[in-house]
Amino acid sequence: MAASTSGDKAADDSLYPIAVLIDELKNEDIQLRLNSIKKLSTIALALGDERTRNELIPFLTESIYDEDEVLLALAEQLGNFIPLVGGPEYAMYLIPPLESLATVEETVVREKAVESLRTVAGQHSAQDLEVHLVPTLQRLVSGDWFTSRTSACGLFSVCYPRVSAAVKAELRSNFRTLCQDETPMVRRAAAGKLGEFAKVVEVEYLKSDLIPMFVQMAQDEQDSVRLLAVEACVSIAQLLPQDEVEVNVMPTLRQCVNDNSWRVRYMVAEKLTDLQKAVGPEITKVDLVSAFQFLLKDSEAEVRASAATKVTEFCLNLDKAAQEQIIMTSILPCVKELVADTNQHVKSALASVIMRLSPILGRNNTIEHLLPLFLVQLKDEWPEVRLNIISTLDCINDVIGIQQLSQSLLPAIVELAEDSKWRVRLAIIEYMPLLAGQLGQEFFNQKLRDLCFNWLNDHVYAIREAATLNMKKIVQTFGTQWAETNIINQILVMYKNSNYLHRMTCLFCINALADVCDADIIERLFLPTIKVLSTDPVANVRFNVAKTLQKLSPFLDQAAIDEHVKPILEKLNTDTDVDVKYFASEAMVGIAAA
């Protein structure tokens, strides 16, 4: 009787994980159901290989009716389940639930199920692949709903390399069927996987079977299918010899460059440098240069912007013997037009890469042809265009040298720095730390430092505030030793200014620089200045002294606080102005609590 009871208890214990899972999966709370799916691997470990295969997986297969979030988690979990069902020889047990998930309506669930099926397929032996996964693929291909047929497209490339010649012929036929499917979503899925499939198909069948599909898809009535055919174009071109690329790929590519849909032309622009590498220098010179010109002059701004980002890379990939001549005669005239484009995104895209043409064209061409374009963009009304030019100044600096750069670009920078519109001045301030890093200490000291000091005395508060932060960033770039030698004394001397706003700016600079200067500078240089300002006749200055001392205290040791900080705060705490007393009191409490 005792033995029987213990046997029943063992049986109950072994059923417990499944019972809990069933309860949780039936719970109304979606978060609880989601958590139970995420714990599947723990449940599978508790059940063991055999019971996972025979009980857990069938249960999951039968219960695939839930919220998309839960199904997505399930599809992801099953992809990692191979060790939990007993290893690769039992991987086929995972196919039924994943096949069901690959047919659901929600796209992300299907995609994750296909991803997991591909993982599972990789663990199958060639024989198991034909017995278990190929029939699954064929069921998906012949499914009534487009969802199963779109999922099928993602499995061809993992099955094809390891099956027999007869099965390969069937798979090619199945893929052709999907490419001609009446539903655009299926044709789109097939077009998206065409390049991937082309890489595993033998060259003879690539030419006889897949290229006709590619040509057909590039002429599809749906632009969403045609644009994906452009992606396949790159893969196919990489797999064919040059002479066959000209015959089999280029006519279709020329057609795509002139497509009525801007989205197709955009995709050509996005993939142009990949195509350039795939087709080689000769076809690039004959065909792609004119295609690139066409895209740079496209009527749609999105296409021009995409093409503009490829200018430098396209030029770099040109045949070195003809590189300069092609750039100067074919590419640069288009670039000059884009500099004055009406669309800010096009100009910004060009500005991010145009500087990198300098090393390709050399010093003389840069000075004669590129510098005028840089100056135009440096004065552009859109901040992003100016920033993109300034952030790549090092490219041109390396080619023409700092002297030439300062003669040509510096006047434009100074002009912007002194512009009557404060927002223009603000924009150039924000780029100054970047410029300082690009051009180096010596150039900054000679040409730009005085500009930064002028901003500290600007009549607009937003400029003074930005200039203060600017000083901090420049010290971060050049270091505290440079700061002590070149800027700190000139900042501190502002405490003598007759305008109280400038004396306040001195305090704000001390506040900002405290984060990047060491304790010695704070104690030796900042505290004496603060002590003088603590007796300022303007109350606003005095209460900012209290706030500044609270900010500096964490950077000082206790002896410095006791000797310098506390006496100033105690005096301010007896001030006649109520605000000064308040902030002094706050600072004393804050320092004591630290």
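Predicted model: local features only at pLDDT ≥ 70, side-chain atom pairs only at ≥ 80, totals over all residues.
## Cysteines

A search of the whole structure finds zero disulfides. Cys153 takes part in none, and its nearest cysteine sulfur belongs to Cys179, 7.3 Å away. Seen from Cys179, the closest cysteine sulfur is that of Cys153, and the 7.3 Å between them is too far for a bond. A disulfide requires two cysteine sulfur atoms within 2.5 Å, so the separation of 7.3 Å rules out a bond between Cys179 and Cys153.

Both residues can also be placed by accessibility. Cys153 has a relative accessible area of 2% and is therefore buried. Cys179 also counts as buried, because its relative accessibility is 4%. The cut-off for buried is under 20% relative accessible area.

## Negative surface patch

Glu67, Asp68, Glu69 and Glu105 form a negative surface patch. One of these residues, Asp68, is found in helix α5, which covers residues 68–78.

The relative accessible area of Asp68 is 36%, so this residue is classed as partly exposed. That class lies between the limits of 20% for buried and 50% for exposed.

## Val247 and helix α15

Val247 lies in helix α15, made up of residues 242–248. Its relative accessibility is 58%, and Val247 therefore counts as exposed. The cut-off for exposed is over 50%.

Val247 can also be located relative to Val335. The two residues are 88 residues apart along the chain, and their C-alpha atoms are separated by 31 Å.

Methods: Residues numbered from 1 in each chain as written. Heavy atoms only, no water. Helix = DSSP H or I, 4+ residues; strand = E, 2+ residues; numbered from the N terminus. Buried < 20%, exposed > 50% of the residue type's maximum accessible area, 1.4 Å probe, protein only. Patch = residues over 30% accessible without salt bridge, like charges linked within 9 Å, V, L, I, M, F, W, Y side chains within 5 Å. Areas by Shrake-Rupley, 256 points an atom, 1.4 Å probe, with all protein chains shown as cover. Salt bridge = Lys/Arg side-chain N within 4 Å of Asp/Glu carboxyl O. Lys, Arg positive; Asp, Glu negative; His and termini not counted. Charge placed at Lys NZ, Arg CZ, Asp CG, Glu CD.
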